[in-house]
Amino acid sequence: MQAPTSVLDLTYDQLVDLLGGWGEPRYRAKQVWEWLYRKFTTDPAQMTNLPKPLRERLGSEMRVDPLSEHYAQRSTDRQTYKWLYALPDGQAIETVLMLYDERRTVCISSQAGCAMGCTFCATGQGGLSRNLQSGEIASQVLAAARWLASPPPETGLVPSTLTNIVVMGMGEPLANYERVWQALRTITDAEGFNLGARHITLSTVGLVPGIRRMAEEPLQINLAVSLHAPNDELRSQLVPIDRRYPLAELMAAVRDYVARTHRRVTFEYALMNGINDTAALAREMAGLLRGLLCHVNLIPLNPVAGSPYQPSTPEQAATFQAILEQSGIPTTMRLRRGIDIDAGCGQLRQRITSVNA
Ligand code: SF4
């Protein structure tokens, strides 16, 4: 395990051990967690029910907030907000908050960069810098919750609470399995952030061992799989990891996951003009998913600068959706929200919106 960079990297038991080593009673950990995960405090000096020497030691020996805001953007419809955060070592990650319908959904990153190399994704072209620590993952949630609890006056928003999390930002979460799940355990812990697991969705590009491992987890986190093509010939061009985990293996893992958890799986499909949006491919997709407890989210691709991939036309997208629905596959077409926000991760926004079905 990497050395913790933040008190948010610690599990509850690790925090108890740390504070115990400082001579503090066990209940201090509960107090600190309450400040971190219920009041979203980043400054130990504000933890007023702790003794002053403990506040000072926490402040001098442990980082509380590993995120420094680098820049923030909002879409012109004021429904999408995006932050670029700098991490302690200078890496940058994105977090996006979406305010649609009654939901307050944050899309968080799991890695700085990504090693998966999906050919239509800006992040994939840059490669992987490093895994995020669990505190760097959890703190994105806390930052969004803090912002919602006290939105800047110029937004005109009233205070609200975070309702959903999607792990769909930069990175492949199942390639950083331990830290992502540690963060999710803290976020769902009744003594921690206390968000129901069913309000959280993790999206993978198809890491089969991770899906199989996820099926064994007691936490009922939702699974989304980025499919993007119904056969290996095409999928391996768009999603290179398909060469390692071809569709037969991936679909077997998903079917086993559904059989074990009885939970519906979401398939994401970024529609690309002339690439993966033909009627024949829609029929092939329907055949692939027949009989599976699933839902398909279709998202016209958000084009990446310099990329040859373009979004499908509305007509082609509608035809694709109609074929799936006629085959009995529940399907949602999602608009590309926050389209005017400059994207550092080509997939970020489209994957986010796809889960709010
Ligand atoms: S689409 Fe997702 S998995 Fe693929 S390269 Fe981009 S961030 Fe990584």
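This is a predicted model: local features need pLDDT of at least 70, side-chain atom pairs count only at pLDDT 80 or more; totals for chains, interfaces and linings use all residues.
Let's step back to the whole chain. The domain assignment gives domain 1 (7–61) and domain 2 (68–355). The C-alpha centres of domain 1 and domain 2 are 33 Å apart. Where the two meet, eight residues of domain 1 are in contact with 14 residues of domain 2. On the domain 1 side, helix α2 (residues 27–38) gives the most, with three residues. By class, this side of domain 1 has five nonpolar, one polar and two charged residues.

## Helix α2

Helix α2 deserves a visit of its own. The buried residues of α2 are Arg28, Ala29, Val32, Trp33, Trp35, Leu36 and Tyr37.

Which helices do the buried residues of α2 pack against? Their partners are α1 (12–21) and α3 (52–61). Just after α2 comes phenylalanine 40, with a positive phi of about 55 degrees.

## Helix α11

Next comes helix α11 (residues 314–326). Its 13 residues should span 18 Å at 1.5 Å a residue, and the end C-alpha atoms are 18 Å apart, which agrees. Phe320, Ile323 and Leu324 are the buried residues of α11. These cover an arc of only 100 degrees around the axis, so they sit on the same side of α11.

The buried residues of α11 pack against β10 (265–271), α10 (279–289), β11 (294–300) and β12 (331–333). On the face of α11 turned away from its buried side you will find the exposed residues Pro314, Glu315 and Gln326. Just after α11, glycine 328 takes a positive phi of about 85 degrees.

## Two histidines with positive phi

Now for a pair of loop residues. Histidine 228 is not a glycine, yet it has a positive phi of about 70 degrees. Histidine 228 is found in the loop between β9 (222–226) and α8 (232–238). Is histidine 228 buried or exposed? Histidine 228 counts as buried, because it has 25 C-beta neighbours inside 10 Å, and the cut-off for a buried residue is 20 or more.

Histidine 262 also is not a glycine and has a positive phi, of about 60 degrees. Histidine 262 lies in the loop between α9 (247–261) and β10. Histidine 262 is exposed, because its count is 9 other C-beta atoms within 10 Å, where exposed means 12 or fewer.

## Alanine 253 in helix α9

Our last stop is alanine 253, which lies in helix α9. With 22 other C-beta atoms within 10 Å, alanine 253 is buried. Leaving aside residues up to four places away in sequence, alanine 253 touches Val208, Ile211 and Arg212. How far apart in space are alanine 253 and serine 203, C-alpha to C-alpha? They are 15 Å apart in space, and 50 residues apart in sequence.

Key
Residues are numbered from 1 along each chain as its sequence is written. Helices (H or I, at least four residues) and strands (E, at least two) are DSSP runs, numbered from the N terminus. The expected span of a helix is 1.5 Å times one less than its number of residues. The arc is that of the directions from the helix axis to the C-beta atoms. Two residues are in contact if their C-beta atoms, placed from the backbone, lie within 7 Å. Domain bounds come from an automatic or database domain assignment. Ala, Val, Leu, Ile, Met, Phe, Trp, Tyr, Cys and Pro count as nonpolar, Asp, Glu, Lys and Arg as charged, and the others, Gly among them, as polar.
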